[in-house]
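Here is a friendly walk through one protein model, meant for someone meeting it for the first time. Please have a look at the sequence and the structure before reading on.

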Amino acid sequence: MKRTGFLSLISALCMGHSVAAEKPNDHWKSEFQVKQYSSQLVGDTLPYRLYTPHKRSKEKYPLVLFLHGTAERGSDNEAQLTSSVHEIFEYVRGHQDAYIIAPQCPNTS
C-alpha cells in the first residue's frame, strides 16, 4: 500500500504547497457525480460531489473526505472543486483508487 505517498500529498496540501505541475482543465470535474443530501429530520439539504473509483471485484477502497476553505462556500455544488481537490483526484486516479466526497458548506454557516 502507498500510504506514505498519500500522507505526503495531504501534508503538502495542508501546508499550502501546490503539487500539480500545471493548471488543470475542468474536464476532470465531470468524473464527480452531482449529489445532494436531504435531511428529513431538519429539512436541510447539503450539496456534495462524489467520485467513485472504477471498481474491481470485491476490492475495498478508502474514503477521502475533502473539506474546502471559506472561499468555496455556497450552494452551486461546484465551488468546492476549485481548490486542492484536483491534486487529490489526480493522486487517487494515478496511485491509490479511493472514493472522494466533497461536500459544500452553505454561506449561512
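## Charged pairs

In this report, a salt bridge is a side-chain nitrogen of Lys or Arg within 4 Å of a carboxyl oxygen of Asp or Glu. Please keep in mind that this is a predicted model. Searching the whole structure turns up three salt bridges.

One of them joins Arg 93 to Glu 31, with 3.6 Å between the closest N and O atoms. This pair links distant parts of the chain: Arg 93 belongs to helix H2, while Glu 31 sits in the loop between H1 and E1, 62 residues apart. Arg 93 is partly exposed, with a relative accessible area of 41%, and Glu 31 is partly exposed too, at 31%.

Which residues are linked in a network of salt bridges? They are Lys 29, Arg 49 and Glu 78. Lys 29 pairs with Glu 78, and their closest N and O atoms are 3.9 Å apart.

Glu 78, by contrast, is partly exposed at 36%.

## The sheet

Now for the strands. Four of them make an open sheet in the order E1-E2-E4-E3, and their pairing is mixed. At the edges are strand E1 (33-38) and strand E3 (63-65), each of which pairs on one side only. From one strand to the next, the twist averages 25 degrees.

E1 and strand E2 (residues 45-51) run antiparallel and are joined by six bridges. Among the facing residues, Gln 33 has Leu 50 in E2 as its bridge partner, and Ser 38 stands opposite Thr 45 in E2. The two strands form a hairpin with six residues between them. In the turn, Gly 43 has a positive phi of about 85 degrees.

H2 is mostly covered, with seven of its 10 residues buried. The buried residues of H2 are Val 85, His 86, Glu 87, Ile 88, Phe 89, Tyr 91 and Val 92.

The largest nonpolar core has 13 residues, and Phe 32, Val 85 and Ile 100 touch the most other members. H2 and E4 each supply at least two residues of this core. H2 gives the most, with four residues.

## Two loop residues to look for

Glu 31 is found in the loop between helix H1 (3-14) and E1. Not counting residues up to four places away in sequence, Glu 31 touches Leu 50, Tyr 51, His 54, Phe 89 and Arg 93. Although Glu 31 and Leu 50 are 19 residues apart in sequence, their C-alpha atoms are 8.4 Å apart in space.

Ser 75 lies in the loop between E3 and H2. How does its exposure come out, buried or exposed? Ser 75 is exposed, with a relative accessible area of 68%. The C-alpha atoms of Ser 75 and Tyr 48 are separated by 9.5 Å, and the two residues are 27 apart along the chain.

Conventions. Residues are numbered from 1 along each chain as its sequence is written. This is a predicted model: local features need pLDDT of at least 70, side-chain atom pairs count only at pLDDT 80 or more; totals for chains, interfaces and linings use all residues. Side-chain values use heavy atoms; hydrogens and water are left out. Two strands pair if DSSP finds at least two bridges between them. Axes are lines fitted to C-alpha atoms, for helices over the stretch in contact, and angles run from 0 to 180 degrees between N-to-C directions. Contact means heavy atoms within 4.5 Å. Buried means under 20% relative accessible area, exposed over 50%, partly exposed in between (1.4 Å probe, protein chains only). A nonpolar core is a set of buried Ala, Val, Leu, Ile, Met, Phe, Trp, Tyr and Cys residues joined through side-chain atoms within 4.5 Å.
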